Amino acid sequence: MGWGNIYRRRMKVFTVAFIIYFDYKALQQREKWSSKSKRAALWEKAHERNAKRVLNLIVELEGLWVKLGQYLSTRADVLPEAYISLLKQLQDSLPPRPLKEVCRTIEKELGKSMDDLFSDFVKVPLATASIAQVHRATLLNGEEVVVKVQHEGIKTVILEDLKNAKSIVDWIAWAEPQYDFNPMIDEWCKEAPKELDFNHEAENTRTVSKNLCRKTKFDDDVNADQVDVLIPEVVQVLFASSPYVVEFCKLDIVELEPGT
């Protein structure tokens, strides 16, 4: 992502933020001259139009904003119903990235051609999320897997989105001290980059599997307390030059949900 695109992305975010802020500030003044019976309707309409602005911006920019929108869609305790209703649309699978981009990333990160990696690679993805998308594939040894591929350039996008989100939260806290979301955004700044490290994700998957007493091909016996739950088994790709972008999981024990 060039500096021109970064600048345009930043301007879109701040433009929408200012529009929404001044829309609500204007409404606060307007309701002073409105009857009590009309105030609720005025606020409801304001929430609807501003929720649409937020949704349209998120769909256009994707990246971290999609994950933030998905998170906010679950916070009925914080946001008005208009936001919850619209942002729930982000829980569905996003438009897929081009297959050419996916193959380019795989070949670059693993240092081999698609033909040297797979006997079959399904062109249509199973799901596309904010950071990566997954495809069915068959390795040369006949093992069926799903391949999780990080979107091209997504690291730069995520880090830029975090800066923009932090700036907006700081500005809101300054302009409206009663709305200080810094604890939330600080946690996002700390945790979001970890999602870009698929090694970290793979290790977490193994840890969860172990803690739930799931048996793998490396186990000799099964613990009596094992939990009957589906957990993907990560396939170690020894020839990967960069395990941060491509991850393989066995297909026979994977259940995929859009947005995961």
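Select Asp 23 to begin: at 13% relative accessibility, this residue counts as buried (buried means under 20% relative accessible area, exposed over 50%, and partly exposed in between, with a 1.4 Å probe and protein chains only). The model is predicted, so local features need pLDDT of at least 70 and side-chain atom pairs count only at pLDDT 80 or more, while totals for chains, interfaces and linings use all residues. Residues are numbered from 1 along each chain as its sequence is written, and side-chain values use heavy atoms, with hydrogens and water left out.

**Helices H1 and H2**

Because Asp 23 lies in helix H1 and Arg 53 in helix H2, the pair ties together parts that are 30 residues apart in sequence. Helices (H or I, at least four residues) and strands (E, at least two) are DSSP runs, numbered from the N terminus. Arg 53 is partly exposed, at 31% relative accessibility.

Next, select Tyr 21 and Phe 22. The structure holds 6 aromatic pairs; rings of Phe, Tyr and Trp (its six-membered ring) pair if their centres lie within 6.5 Å, with planes under 30 degrees apart counted as stacked, over 60 as edge-to-face and the rest as tilted. The ring centres of Tyr 21 and Phe 22 are 5.2 Å apart and the planes stand at 75 degrees, so this pair is edge-to-face. Phe 18, Tyr 21, Phe 22 and Trp 171 form one aromatic cluster.

Tyr 24 and Trp 43 give a stacked pair, 5.8 Å centre to centre with 15 degrees between the planes. Tyr 24 lies in helix H1 (residues 3-30) and Trp 43 in helix H2 (residues 36-61), so the pair ties together parts that are 19 residues apart in sequence. Tyr 24 is buried, with a relative accessible area of 14%, whereas Trp 43 counts as partly exposed at 23%.

**From H1 to H7**

Select Arg 10 and Glu 160, which form a salt bridge whose closest N and O atoms are 2.7 Å apart. This pair links distant parts of the chain, with Arg 10 in helix H1 and Glu 160 in helix H7, 150 residues apart. Glu 160 is buried at 3% relative accessibility; Arg 10 is partly exposed at 30%.

**The strands**

Colour strand E3 (residues 132-139): 7 of its 8 residues are buried, so the strand is largely enclosed by the rest of the structure. Two strands pair if DSSP finds at least two bridges between them. Strand E1 (residues 118-121) and E3 pair in the antiparallel sense over 3 bridges, and Phe 121 has Ala 137 as its bridge partner in E3. E3 also pairs with strand E4 (residues 144-150), antiparallel over 7 bridges. E3 and E4 form a hairpin with 4 residues between them, and Gly 142 in the turn has a positive phi of about 90 degrees.

**Lys 148**

Finish at Lys 148, which is buried with a relative accessible area of 17%. Its charged end sits over the ring of Phe 198, 5.0 Å from the centre (NZ of Lys or CZ of Arg within 6 Å of the ring centre and within 35 degrees of the ring normal). Glu 201 forms a salt bridge with Lys 148, the closest N and O atoms being 2.9 Å apart. Glu 201 lies in helix H9 (residues 198-211) and Lys 148 in strand E4, so the pair ties together parts that are 53 residues apart in sequence.

Key:
Salt bridge = Lys/Arg side-chain N within 4 Å of Asp/Glu carboxyl O.
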